[in-house]
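Subject: Structure handover

Dear colleague,

Please find below the structure I promised to pass on, followed by an account of what was found in it.

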Amino acid sequence: MQILSQMAAVGTWSFSRPAVERMSCMLLAGQNATDVVETVMAEFEDDADTGRHIVGRGGYPNCKGVVECDAAIMEGVPGRFGAVAALRGLLVGDGAEAFAQDLGFTSEANDNMLSHHTATAYREFLEKNQPVSGGHDTIGLIALDLSGNITVGVSTSGAPFKSPGRVGDSPLPGCGLYADHTVGAAAATGDGDKIMCYCPSFHVVQLMKQGSSPSEACHAVLADIQRRIGDDKCFEIGLISLNMKGEVGAASSVEFPYTFWNQGLDSVKELINQPKSLNV
Ligand code: SD4
């Protein structure tokens, strides 16, 4: 079979390793980038164990004890974007629920969305009336397939114990994710209330369009944010990006592990981005 494109996959944080491993197998089997991201993301969202990383089933609930999820997927092909926000069980709102039922989806009771870990954390939150862990994770996945299609997806249960209805950066195009099939794609993780003010995923892709490598683009976007708000005041943010050559990049304001695979590698590699100060 003629290889048309350098296949590659990348994911946020160390816990994305099994997802990126699965993506590499699906890409090598010739599957399309969107099917790869959608399938692997859905498996991840359904797994109560990965939920403690603030993703889908087993994710942290809002301050009323209800798990509300944000997720999005974007293809590099112009205008191909889909997202859900503040999703409870399956979809929120009568129209959305009817639509989902028409498509054959079933809804999940909130009790099935909580894991033992997050139910306990929620009880502690109610007792102390303050978040017990301010953890930030969220899965972001980018796949580049054999035919040169690139797709990015993100999924999160959002900030633990958030206000009901709070929507973070993840489902917003340009903020939590962005893709352009002529250049590449990017995804963000971290403090979504702040991230969404800077459209960092769009910015990374635009810099790649102007000739930057994925790593240069991620670092330039982070440096721009740091310059604007002050190096020492930077909120938690991690950026990953992949270009159409299968090259990867990342930048972050905190120690940020991410996982990566391309055709030149025998197995998925974990890389760690260390935060850089503007003053060094
Ligand atoms: C949010 N950005 O809802 C998500 C959470 C996250 O690392 O990415 N945490 O704010």
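An open sheet of seven strands, paired in the antiparallel sense, runs in the order S3-S2-S5-S4-S1-S10-S11, where strands are DSSP runs of E with at least two residues, numbered from the N terminus, and two of them pair if DSSP finds at least two bridges between them. Strand S3 (81–88) and strand S11 (269–273) each have a single partner strand and stand at the edges, so one side of each lacks a neighbour in the sheet. Direction ignored, neighbouring strands of this sheet are turned by 15° against each other on average; the axes behind such angles are lines fitted to C-alpha atoms, for helices over the stretch in contact, and angles run from 0 to 180 degrees between N-to-C directions.

This is a predicted model, in which local features need pLDDT of at least 70 and side-chain atom pairs count only at pLDDT 80 or more, while totals for chains, interfaces and linings use all residues. Residues are numbered from 1 along each chain as its sequence is written, and side-chain values use heavy atoms, with hydrogens and water left out.

Strand S10 (residues 256–262) runs antiparallel to S11 and is joined to S11 by five bridges, and a hairpin connects S10 to S11 through six residues. Within this pairing, Pro-257 has Ile-272 of S11 as its bridge partner, and Tyr-258 has Leu-271 of S11. Helix H1 (residues 17–28) packs on the sheet and touches strand S1 (8–12), strand S4 (139–144), S10 and S11, its direction making about 20° with that of S4; helices are DSSP runs of H or I with at least four residues, and contact means heavy atoms within 4.5 Å.

There is also an open sheet of four strands, with the order S6-S7-S8-S9 and antiparallel pairing. Its edges are strand S6 (177–180) and strand S9 (248–252), each of which has a single partner strand, so one side of each is left without a neighbour in the sheet. Strand S7 (residues 184–190) and strand S8 (residues 237–243) pair in the antiparallel sense over seven bridges, with Gly-184 having Asn-243 of S8 as its bridge partner. Helix H7 (residues 200–209) packs on the sheet against S6, S7 and S8, and its direction makes about 150° with that of S7, whereas helix H8 (residues 214–229) touches S8 and S9, with its direction at about 20° to that of S9.

A polar side-chain atom of Arg-166 lies 2.7 Å from an oxygen atom of the ligand, while an N or O atom in the side chain of Asp-169 is 2.6 Å from a nitrogen atom of the ligand.

Finally, the structure holds nine aromatic pairs, meaning rings of Phe, Tyr and Trp (its six-membered ring) whose centres lie within 6.5 Å, with planes under 30 degrees apart counted as stacked, over 60 as edge-to-face and the rest as tilted.

Note on methods:
Polar contact = N/O pair within 3.5 Å; in protein donor to acceptor, adjacent residues only side chain to side chain.
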